[in-house]
Each structure stands twice: as structure tokens, then as C-alpha cells.
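Hello,

Please find the structure below. My notes on it follow.

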Amino acid sequence: MDFATLLQLLDSTVRLATPLLLACLAGLFSERAGIFDIGLEGKILASAFFSAAVAYVSGSVWIGLLAGIGSSVALSGIHGLASITFRGNQLISGVAINFLASGLTVVISQTWFGQGGRTPALQGAARFENIHLPFADALMPVPVVGPLYEQIISGHSILVYVALLTVPFSWWLLFRTRFGLRLRAVGENPAAVDTAGISVVGMRFAAVGICGILCGIAGAYLSTGLSAQFVKEMSAGRGFIALAALIFAKWRPWHALYACLLFGFLDAVGNRFQNVELLGITIPVQFMQALPYILVVVILAGLVGRAIPPRAGGEPYVKER
Amino acid sequence: MGRMPNWADVILIPLVSVILALLVSGLVVLLIGENPLEAMTIMVRGALGSAYGLGYTLFYATNFIFTGLGVAVAIHARLFNIGGEGQAYVAGLGAAVACLFVPWPHWTIALVAVVILSGLFGAAWAAIPAWLQAKRGSHIVITTIMFNFIAASLMVYLLVNVFRVPGSMEPATAIFPSVTHLPNAGEFAGFLGFRTSTPLNVSFFIALLAAFAVWVLIWRTRLGYEIRAFGHSETAAVYAGINPTRIIMVTMLISGGLSGLMATNAVMGEAEQLRLDYVQGAGFVGIAVALMGRSHPIGVILAALLFGMLYQGGAELSFEMPAVSREMVVVIQALVILFTGALDNMVRMPMERIYLAFRRSRTASHQPAE
């Protein structure tokens, strides 16, 4: 493998890790507050569709992004209603949201565009253009550093940088602010938070709302940044991989970044090398495609050591009377 | 605080939930710009109005009984198996191997072999997630979903590279030998108006049998008792000497096996070859069916019939109303899961209040005021 191939690989690693990272941080907020969210996948899918559809109709990717975030937050609201207000089963609610998104996106896109569950291809201002960071061209002649900067750091859409900046921001919000302390406490011991006079329901809805916003950005990036249209089922399990990355990262923002980069890298390898020869045996393309999913299972099997979820995760909070 | 009687819990609440789900679905149809009542009429007529439609409805229902029972058994142990899709898909391989490579003398013997092999293959695909849950605590929801994706890749590989008929472009196995043909409703119930082209076949009775077997297992055997005890409280079950690893493994194997039996109906009974993506979401429908049927075999059968109607009716609907895409069924399925599963309390709490108020007013009128 030469340097140019490596650069390409790392470049697409960053691109493919971005939606995972946003979804992973989305799950982080939700699960830290004690709400399990299997429905990340559905929210990504819904946002991918609505951002692409609205961007196509309005011609502005920013309006599309808002629509995507709106749809994702609406699904979050359903999840909150089911799992916080009515204390239902959070897994079942998440599964329902995934199916809801999977069905509605195709039904609505068929009605609006009649292209069998796609949106028309997006052009110009209807999609996120790649940004060239300053000095990218100037640094290009510098060996190693120049191409690294030009290809991997520079030249992505703005949402990639948003995702990367969300990592330190999440860390700061969760571990350095009063809001973050309360949010984490709600996920560990809601009764204690309640005793302190803070609304458990309010904190959890706030967390679920943040989760919706981040999933919305992830979905918008899929359809308007990474590719230029919505295609049926385009989330392709990313919501679930993000959940696995979250467990791998043991519910910590910086580790989430590393975990998502790893999964992004695997995805990039699977895309780049369709037929790999290893020790004279040709590894089939289907294996390479299944590799991220297999790795999720391997990681969950505990090659990472013990991952302890937030203690009140998945449990509805019932106020004592 | 009083409680509602059992019949309200088993019948009334699921019924109200399903009606709510259908109302919201109707709203979606309305927003698309079609008439929901007309859509409903087309669906019901398409599903039940002819022997042709009924054959498909019952054929789909057979699939959903198998996958629904699979999910239901797991729910009794509080395991949420969403891998029915992958388990049924891999089980198709078992059915294909049984039909293709053994020269059976008669279809009855072949059927027994296919039931066993597809069950085993389905169970095998559930075994790894089950073991990981039992031994390593890996979340079974995520691992079973991953196994759905892995199954899809594996089956594409096998169908394209191993089982494809040489010279054929289609990623599917060869057509099974004619001796393995299962009698379909046109052959054993032609007097009811079924044609010989109907997909409904004897597997329907196997599904009913499986439902009965699940009832016996859960409520009439020691293992079933242990499964339910484990589902209610793991700590109590361990205290009572129940081995959690064994229960998780056995329950998941049964669950995967039941989903796998779907191959009997769809692969051996209908297609008579294993095709790419033959499950077509039936594994996921099983989740809705099990939740709606309250994990009881009779409930599962009734819910499976409803979803069979939705699937067949939905196919007719997308034919007659092109604006309504076939995925509308997935939306309805999602809403049924949402209302019967996740929003259960939303329906239950007001109904409990109404029931208690009703009872209070009745007892008050019966007892004369002092």
C-alpha cells in the first residue's frame, strides 16, 4: 500500500466516521441521562430524508439541515413521551421508531418525488460543499505533513468539523458544567436528583432533545454531505454501530471519537478493498462488507474489558409518594 | 387502588392500542392525499375478498406466526430477540440443504427433515448472541441486529458463489426436486375455492401446531416455568436454583428455531428454492406480532392474521393507489409496536381510571345510602 492509498483511506475514514461520531455522542447524552436509545438509526434515517428532500425543494442545504434536525427531534419527542412520560419499555420504543422512520421515509418520498424511495440528486447550494482550510495549498509541497493536512484535515464539509468540535464541547458540557453533573446524576441515581429539587423528567427530556439534534446533524450529513441524495435505508445500521462504539468508549466523549474513527476506518477499508488477497486466499467482498458488524460483535463480546453502563439506564423513574 | 380484570388486560387494551395505531395510519394516508376509508376498504377486500387474497393472507400469517412465536418465547425470559430476520434467513439454508441434497421418498419425510434442519439452522444463528449475552453480558438487542446484517452478507455470498445454478444470473439455489413439493391449499382444500397456484400450504398447520407446542412449553412444563420465573426476576430465579446461562441459551435457541421454521413455509412451501432476501421483513413483523399478541400463542395467531391481512391488503393497496407505497405496511407495523409496546401505559392509565370510576359508581348505586 503506497502513501497515496493510505491518504485516501484516512480521508474517507474521517468522512465515514463523522455520522457515527455524531450519532455516538447523541447516544452518549441520552444514555448518560438513563434513557437507552435503540432508535438512533431511525432518527438518522428520518433526518437524512427530510434534510435531502427539503434541501432539494428549497435549494438551501441549511434549511434542509433544520428540517432534518426537526424530524429527528420529533422522533426523540416520541421516544421521550413513551419512555419518560409513560414509562414504557425503552427498547420497544426505539425499535418502533426505527420502523417508523424506515417506513415513513419511503412512503413520503414516493408521494413527493415518485422515484421509488429516493430524492432527486442534490446540486449546488442544496448540498454541503467541501471547505478548504487556509494554507492547504501553501502547505502542499511540504512532504508528508502537506498532503496529510490537505487531504485529511482540510477539504471536508462543515459538518465534519462540527462533529469534531462536538467532542470537546460534549466533554465540557457533561463534565464541567452544572447541567452536565445533573444530567449524569439523573442517569445514575434519579431519586437523589429528585430530592435535590431538580426535575428528573425535565433533565431526561433535555438529554433526549440533545440526542435528537445530534442525530439530525448525522442524518443531514449522510444525505447532503457524504452523498448528494437520499436513498432508501441509507443509514445502513450506522445507528447500531454508533451504539456499539458508545459501549466501546464506555460512555466517554473522547473515547467515542477514537471508537468511531476505528469503525470509520474499517468501513473505509471495506469500501476501498473489495477483494483482498490474504495469504493466497481471496477474502470475498461480502466479508469485507460485514466486517464492521462482525467487529461490533467482537467488541461487545468483551475484548474491551468491562463496560459499566449508567446505573439507572433503561429504568423509568417513578417518583415516590 | 383496584386492578382491571384479566380480560381487559388481554383483549381490551391491545384492541384499543391497535385501533389507535390504525387511526394514526389513517392520518398518514390522509396526509399523503388519499382517502383512508377507501384505502381501508381496498385493503380488507384485497386481503379477504377472494380465495386468491385469502390464500396470500394466510400464507403471510403463517410466516408471522413462526416469527411471532420466536419473539414471544424470548420475551417470556425478558430477552428481546430482534434477530428473527437473520435467524429465518439462515434457516432457509437448512431447508435448501435438506431439499436439495437428499433424495427423499415422500414429501412427509422431507417435511420432517426440513422442520428439523431449518429449526436447527435458525437456532444456531441465535446461539452466538445468546452465548454472548449469557457469558459476556453483551447486549442481545445489538448483537442480534448485527447478526441480521452478517446473515445478509453471508447469504449473498453463499447464494452467489456456492449455491447459484451454473449459467444462471439469479442469486438463488436450484429448484427443489418435485418430491419435496408440499401440498398447497389448492390441492388439499380446493373445494374452498383455492387455486393450485396459491402459496398457502400445509405449513399453516405446522404453525398452529407450533403455537400449541409453545403454549404447552410456557405454561405446562418445568422449563417454561423456569423461563417465566427468569423473566420476572433474574435474582429470584437464581435464588431458586435456576441457572441463568442455561435459561438464556435454551430460550434463545427455541426462539431462533421457531423463527427458522418460517423457511418451511416460505422456502419449501412457496418458492421451492432459496432466493435472495426471501424473509422480506417477516422477522421484524414478528416483533409487532408478539407485542400485540401479549406473547401468548393465541394472541400471536390473531395478531399474525391481522398482519397477514395488512401485508396482502397492502400489496393490493399499492397496486390500486400508486401514491400509497408498499412501505405503508411498515409504518402501520411501527405504530402497532409503538402503541401496544411502548405507549402501553398511555392507553392503560386512562382506561384503568375509567374502569375504576365505573365500578365505584356501580357499587355506590347498589348499596343504599345510610
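Helices (H or I, at least four residues) and strands (E, at least two) are DSSP runs, numbered from the N terminus. Residues are numbered from 1 along each chain as its sequence is written, chains are lettered from A and ligands numbered from 1 in the order in which they are written. This is a predicted model, where local features need pLDDT of at least 70 and side-chain atom pairs count only at pLDDT 80 or more, while totals for chains, interfaces and linings use all residues.

The predictor gives the complex an ipTM of 0.88 and a pTM of 0.88.

Now to helix H11(A). 11 of its 11 residues are buried, so H11(A) is largely enclosed by the rest of the structure. Buried means that 20 or more other C-beta atoms, placed from the backbone, lie within 10 Å of the residue's own. Among these residues are A:Ile241 and A:Phe248. After H11(A) comes A:Lys250, with a positive phi near 50°.

H11(A), residues 238-248, packs against H2(A), residues 40-58, at about 135°, and the axes are 7 Å apart. Axes are lines fitted to C-alpha atoms, for helices over the stretch in contact, and angles run from 0 to 180 degrees between N-to-C directions. The two helices are therefore oblique to each other (angles under 35 degrees count as roughly parallel, over 145 as roughly antiparallel, 65 to 115 as roughly perpendicular and the rest as oblique).

Regards

Definitions and conventions: Buried ≥ 20, exposed ≤ 12 C-beta atoms within 10 Å, placed from the backbone.
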